[in-house]
Amino acid sequence: MTAYLRPRDLDEALAARAAHPDWMVLAGATDLMVNANHRAAPTGILDLWRLAPICFVRAADGEIAIGAGATWLEVERDAAVCTHLAPLAAAAREIGALQIQARATLGGNVGTSSPVGDSLPVLLALDAELEVASVRGRRRVPYREWCTGYRTTRLAADELIVAAHLPLPGPTTRTVWRKVGTRRAQSISKVMGAAAITLDGDVVIDARVALGAIADRPVRIAAVEAAVRGQRLADAAHAARAAVGPAIQPIDDVRSTASYRREVAENLVARFFHGMMQRADR
Amino acid sequence: MKLAFEVNGERRTVETSPWKRLLDVLREDLRLTGTKEGCGEGECGACTVELDGEVVNSCLVAAGQCDGRRIVTVEGLARGGVLHAVQRQLVACGGAQCGICTPGIAVCAAHVVDRGLIAGCDDATARAKIRDLLAGNICRCTGYQLIVDAVIAAAREVAPGTEGAR
């Protein structure tokens, strides 16, 4: 029989995590329970669903902190997120559909670390930092260092994800997110990406560009970021398109082909900069 | 484990594995077979129920997670033998055909109407919102138009926040 624990607070959760590193850490269960009847039952379940200390969205001190247990519905309905972190709100609205958004959590997306996790390129583009905890203490990990391979992360066997900390973009930084899939709702992304582009007039001062579903993990595209620096937006779009191809490793699978993903990734990245042109004119 | 929770306003207890799907607890342990299984992967929405006031796929909820929670299934939409407005309108508008997706659509649509999620919208906006809010409920028979018509008609009947015609 599967053991089950719903901790009352974070200390109890961390003690249980340390004592039972083999237990399944479960929150919204939208990934871990897919085809549950055809999977082996876990030894135990550490149920973090609605664990109060990790269920929050909080704006303070030049950042927005989102608890690992916050659902995407809570994220997309948060006024501060919609105002300051529009790409995250946009990604949240396209994760599954209403039923999935009501259950799936930020911690789940970050912990599962699927290469098609829709929020993950946003966390890269917005330069998020993750807060993790264990009975040994708390630590912060820049999200750009979090993913170590296909569905592997820097989370230790006794640690739990507590929150993501997202710095508010500055007044000259524009942000964008875009997903390409078979259908807006429910479909798993073929390619998706996010960017944070800092402008001086129409000149790109700095850019963080991230893509998902084109490698074994969500990735920042350093070659694009280097190619656009110092360029006017129109030139940056061309430079970005040229730089993205050699920098990604898309695959053929049931959802798409490598060549299609490559072309879409090029168009997507170019459009991030093209799309800024009208906005920069204002 | 012993599970104690509220289902359609009644307190129920079940002895079950915490890993069992809420969908199976409802259908097998409580014999509430109105909730259907479509895909078992959270893609189709046939098994939609309300959990603590939000719509969820019951195939993706572990039984253990339901202890102390409040569930509403399609059997809980009607009150005192009177169908919920969305159920009446699904019938009246022809918004159901084979019927497998219908319980999930009724639960999701009742949530949309009762929560006033399309209240105050003009017709075109309301229709777009309904398609968005019901995007997780897949129907392979009707082409959706009649379902959207039914939700629009139900919303007209129901003042938001009043739990409809129940």
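Axes are lines fitted to C-alpha atoms, for helices over the stretch in contact, and angles run from 0 to 180 degrees between N-to-C directions. The model is predicted: local features need pLDDT of at least 70 and side-chain atom pairs count only at pLDDT 80 or more, while totals for chains, interfaces and linings use all residues. Residues are numbered from 1 along each chain as its sequence is written, and chains are lettered from A and ligands numbered from 1 in the order in which they are written.

**View 1. Packing of helices α2 and α3 in chain B.** Helix α2 (residues 85-93) of chain B packs against helix α3 (residues 102-114) of chain B at an angle of about 125 degrees, and their axes are 9 Å apart. Helices (H or I, at least four residues) and strands (E, at least two) are DSSP runs, numbered from the N terminus. α2(B) and α3(B) are therefore oblique to each other; angles under 35 degrees count as roughly parallel, over 145 as roughly antiparallel, 65 to 115 as roughly perpendicular and the rest as oblique. The crossing of α2(B) and α3(B) is right-handed, a term for the near helix being turned clockwise from the far one by less than a right angle, with anticlockwise giving left-handed. On α2(B) the contact involves B:Ala85, B:Val86, B:Gln87 and B:Leu90, and on α3(B) it involves B:Thr102, B:Ala106, B:Ala109, B:Ala110 and B:Val113. Two residues are in contact if their C-beta atoms, placed from the backbone, lie within 7 Å. The residues of this contact comprise seven nonpolar, two polar and no charged; Ala, Val, Leu, Ile, Met, Phe, Trp, Tyr, Cys and Pro count as nonpolar, Asp, Glu, Lys and Arg as charged, and the others, Gly among them, as polar.

**View 2. Packing of helices α2 and α5 in chain B.** The axes of α2(B) and helix α5 (residues 145-157) of chain B come within 8 Å and cross at roughly 135 degrees. α2(B) and α5(B) are therefore oblique to each other, and their crossing is right-handed. α2(B) contributes B:Ala85, B:Val86, B:Gln89, B:Leu90 and B:Cys93 to the contact, and the residues from α5(B) include B:Leu146, B:Asp149 and B:Glu157. By class, the contact of α2(B) with α5(B) holds nine nonpolar, one polar and two charged residues.

**View 3. The open sheet of chain B.** Five strands are arranged in the order β2-β1-β5-β3-β4 (chain B), with mixed pairing. Strands pair if DSSP finds at least two bridges between them. The edge strands, each pairing on one side only, are β2 (10-15) and β4 (54-57) of chain B. From one strand to the next, the twist averages 40 degrees. β3(B) and β4(B) run antiparallel and are joined by four bridges; B:Val49 stands opposite B:Val56 in β4(B). α3(B) packs on the sheet and touches β3 and β4 of chain B, its direction making about 40 degrees with that of β3(B).

**View 4. The two domains of chain B.** Chain B is divided into domain 1 (2-76) and domain 2 (85-157), with bounds from an automatic or database domain assignment. Their C-alpha centres lie 22 Å apart. Contacts link 13 residues of domain 1 of chain B with 11 residues of domain 2 of chain B. Strand β3 (residues 48-51) of chain B gives the most to the domain 1 side, with three residues.

**View 5. The contact between chains B and A.** Here 24 residues of chain B are in contact with 26 residues of chain A. On the chain B side, β4(B) gives the most, with four residues.
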